[in-house]
Amino acid sequence: MITLFDDTSMCCGCTACANICPTKAIDMKQGKEGFLYPVINHNLCIECGLCKKVCAFQNGYDYKQQLPSPSIYAVKHKDHEIRRSSSSGGAFTAFSDCVLKLNGSVYGAILDSKMKVKHVKATDQETRNAMRGSKYVQSDLENVFTKIKDDLLNKKNVIFSGTPCQCAGLKTFLHVLKCDDSNLITMDFICHGVPSPLIFKDYLNLSESKNGSKVVNYSFRSKIDGWNHTEAAFYENGKVDTKSRLVKSYKQLFYSNVCLRPSCHQCPYSNEQRVSDITIADFWGINKLNPDFFDELGVSAVMINSTKGDLFFNEIIKDFSVLKSDIENLKLFQNNLKSPSTPSRSRKKFWEDYNRLSFEEVLKKYTIYGNKRYLLIQTIKIL
């Protein structure tokens with residue numbers, strides 16, 4: 001009988017095993033912390049072993065196609081409105097626009113009408129625009145890997161944007177199926193870790209209860225106050241909250257590492273050896289490294305990790321203001337290029353409290369929501 005993992009920290013939830021199963025014997029089901037894990041229906045399993053073979057997280061990833069070291073750039077999209085609608089410098093929009101112009105498919109994460117973060121396919125700018133901006137929740141990939149395989153078999157140009165483990169899972173999935181991926185561009189980002197969808201859902205429910213109105217949109221990285229980490233909750237009654245302790249509290253959970261997926265704390269991709277063709281991120285510290293290039297609308301870091309990525313970057317470089325940089329500059333302000341995020345010493349206690357207290361009580365205990373002094377100290381630490 002096949003066992004996919006012995007411990008939850010051995011599964012990143014990339015869905016490669018569920019998508020590759022020939023008998024559809026694997027479903028992604030929510031665990032006790034709200035993360036999705038593959039569960040095998042052994043009545044349908046034929047013990048072919050593909051689910052074990054396709055696991056890049058456990059088996060390692062083949063880096064032979066990657067460049068010996070990445071090329072590093074600071075970039076700003078020349079269209080200010082695009083940057084204003086992006087988390088940083090608008091890099092994702094430029095890369096995905098290129099694929100859309102080729103009548104290709106863009107796959108990325110959106111926050112849907114039910115406030116769920118999930119990956120979808122876009123063939124137009126309107127759908128793609130919903131993929132802009134950071135989402136600090138693990139996305140539901142559903143059957144996206146299979147859709148990408150079908151697009152590639154139909155000779156479509158495809159760009160996939162996701163976490164490093166999702167990119168590794170996709171590429172290994174295609175490799176095991178011997179699917180030609182020459183028309184695929186993978187784009188990851190420098191990932192701090194993915195928080196639980198269950199926590200985000202509870203946070204939204206509390207926000208709606210306290211404000212007497214439904215949350216109809218949420219920005220994890222609004223530029224209302226410039227390029228930084230401002231959150232914004234948009235309510236059905238027209239209220240926009242960017243200042244309350246409640247709206248700032250979810251960010252605190254994210255950075256405190258109490259509710260990240262267990263696998264994030266032993267992530268094999270938290271280094272400068274990237275699995276994707278292109279890595280994008282905020283170029284934090286550019287104001288100190290090169291003040292003349294700094295811009296309050298945001299600056300993206302772009303890492304070119306493969307020959308394919310380099311050719312693609314040169315196709316769209318005209319859309320950017322570009323500054324050549326190096327990996328050491330980027331690593332100064334991006335700790336997850338050096339190591340995975342360390343689990344909070346309070347992580348176990350947090351989940352114990354989560355299971356016995358109301359969510360509001362948990363939020364008061366672990367975030368700025370319940371302590372004015374904690375708000376001051378932690379805000380200083382984050383900035």
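Predicted model: local features only at pLDDT ≥ 70, side-chain atom pairs only at ≥ 80, totals over all residues.
Biologist: Which residues does Asp151 touch, not counting residues up to four places away in sequence?
Modeller: Asp151 has its place in helix H7. Once residues up to four places away in sequence are left out, the residues that Asp151 touches are Ser105, Tyr107, Lys121, Lys156 and Val158.

Biologist: Is Asp151 buried or exposed?
Modeller: The relative accessible area of Asp151 is 7%. Buried means under 20% relative accessible area, and Asp151 therefore counts as buried.

Biologist: Which element supplies the largest share of the largest nonpolar core?
Modeller: The largest nonpolar core has 39 residues, and those with the most contacts inside it are Ile148, Phe160 and Tyr269. At least two residues of this core come from each of several elements, among them helix H7 (144-153), strand E6 (158-161) and helix H8 (164-176). The largest share of this core is seven residues, and the element that supplies it is H8.

Biologist: Are H9 and H14 parallel or oblique to each other?
Modeller: Helix H9, residues 197-211, packs with helix H14, residues 347-356, at an angle of about 50 degrees, and their axes are 13 Å apart. Angles under 35 degrees count as roughly parallel and 65 to 115 as roughly perpendicular, so the relation of H9 to H14 is oblique.

Biologist: Which residues of H14 make the contact with H9?
Modeller: H9 passes H14 in a left-handed crossing. On the H9 side the contact is made by Leu198, Ile199 and Asp202, and on the H14 side by Phe350, Trp351 and Tyr354.

How values were computed
Residues numbered from 1 in each chain as written. Heavy atoms only, no water. Core = buried A, V, L, I, M, F, W, Y, C linked by side-chain atoms within 4.5 Å. Buried < 20%, exposed > 50% of the residue type's maximum accessible area, 1.4 Å probe, protein only. Helix = DSSP H or I, 4+ residues; strand = E, 2+ residues; numbered from the N terminus. Contact = heavy atoms within 4.5 Å. Axes fitted to C-alpha atoms, helices over the stretch in contact; angles between N-to-C directions. Parallel < 35°, antiparallel > 145°, perpendicular 65-115°, else oblique. Left-handed = near helix turned anticlockwise from the far one by under 90°.
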